Amino acid sequence: MVRGSDIILILVAIIFPPLAAAMITGCSCDLLINTCLTLLGYLPGHLHAFWLIYKKIKAEESFGPGGYTYLGNGNFVGNGPAYTGAPPPPSHGHQQQYYGSTQ
């Protein structure tokens with residue numbers, strides 16, 4: 001779902017694509033890529049900025065507003081215990097099996 005902040009981001013991308021890339025990614029390689037693409041031709045810079053906006057909207061749909069971190073190259077990862085990749089807590093109901101060990 002497109003929010004009001006996304007519409008503002010799209011308008012910024014139409015006027016000056018590197019600013020929209022900076023608002024999404026901060027000072028990263030995507031900002032450098034977008035600046036170079038905009039200098040090479042205005043349309044490639046727009047396409048890259050709109051692609052970053054699309055990826056941000058998809059991350060908001062998957063992880064909730066503000067529930068993600070930008071990794072680079074258009075990739076986002078969710079914040080919180082469900083997305084950290086931490087192992088589940090041990091169950092206290094039975095003894096752990098140690099295959100191949102001497103315990």
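Predicted model: local features only at pLDDT ≥ 70, side-chain atom pairs only at ≥ 80, totals over all residues.
Helices and strands are here DSSP runs, numbered from the N terminus, a helix having at least four residues and a strand at least two. The protein as a whole comes to four helices and two strands, which follow one another along the sequence in the pattern α-α-α-α-β-β. Of its 103 residues, 31% are buried, and among contacts between residues at least 6 apart in sequence, 39% join residues at least 24 apart.

**Annotated spans**

- An unreviewed UniProt entry lists residues 7-25 and residues 31-54 under "transmembrane region".

**Helix 1 and helix 2**

- The axes of helix 1 and helix 2 come within 5 Å of each other and cross at roughly 140 degrees, and that makes helix 1 oblique to helix 2.
- On the side of helix 1 the contact is made by Leu9, Val12, Ala13 and Ile15, while helix 2 contributes Pro17, Leu19, Ala20, Met23 and Ile24.

**Helix 3 and Leu32**

- Leu32 belongs to helix 3, which covers residues 29-40, and this leucine is exposed because its relative accessible area of 57% lies over the 50% cut-off for that class.
- Leu32 and Pro18 are 14 residues apart along the chain, and their C-alpha atoms are separated by 8.2 Å.

**The nonpolar core**

- The largest nonpolar core has 14 residues, of which Leu9, Ala13, Ala20, Ile24, Leu52, Ile53 and Phe76 touch the most other members.
- Helix 1 (4-15), helix 2 (17-25), helix 4 (42-63) and strand 1 each supply at least two residues of this core, and the largest share, five residues, comes from helix 4.
- Leu52, one of the core residues that touch the most other members, is also in contact with Ala21, Ile24, Thr25, Asp30, Tyr70 and Gly74, if its neighbours within four places in sequence are left aside.

**The strand pair**

- Strand 1 (residues 68-72) and strand 2 (residues 75-78) pair in the antiparallel sense over four bridges, and within this pair Thr69 stands opposite Val77 of strand 2.
- The hairpin formed by strand 1 and strand 2 has two residues between the strands, and Asn73 in this hairpin takes a positive phi near 55 degrees.
- Strand 2 has a covered face, made up of Phe76 and Gly78, and an uncovered face, made up of Asn75 and Val77.
- Phe76, on the covered face of strand 2, is among the members of the largest nonpolar core that touch the most other members.

Notes: Residues numbered from 1 in each chain as written. Heavy atoms only, no water. UniProt positions renumbered as here; feature names shortened; annotations may be inferred. Buried < 20%, exposed > 50% of the residue type's maximum accessible area, 1.4 Å probe, protein only. Pairing = 2+ DSSP bridges. Core = buried A, V, L, I, M, F, W, Y, C linked by side-chain atoms within 4.5 Å. Contact = heavy atoms within 4.5 Å. Axes fitted to C-alpha atoms, helices over the stretch in contact; angles between N-to-C directions. Parallel < 35°, antiparallel > 145°, perpendicular 65-115°, else oblique.
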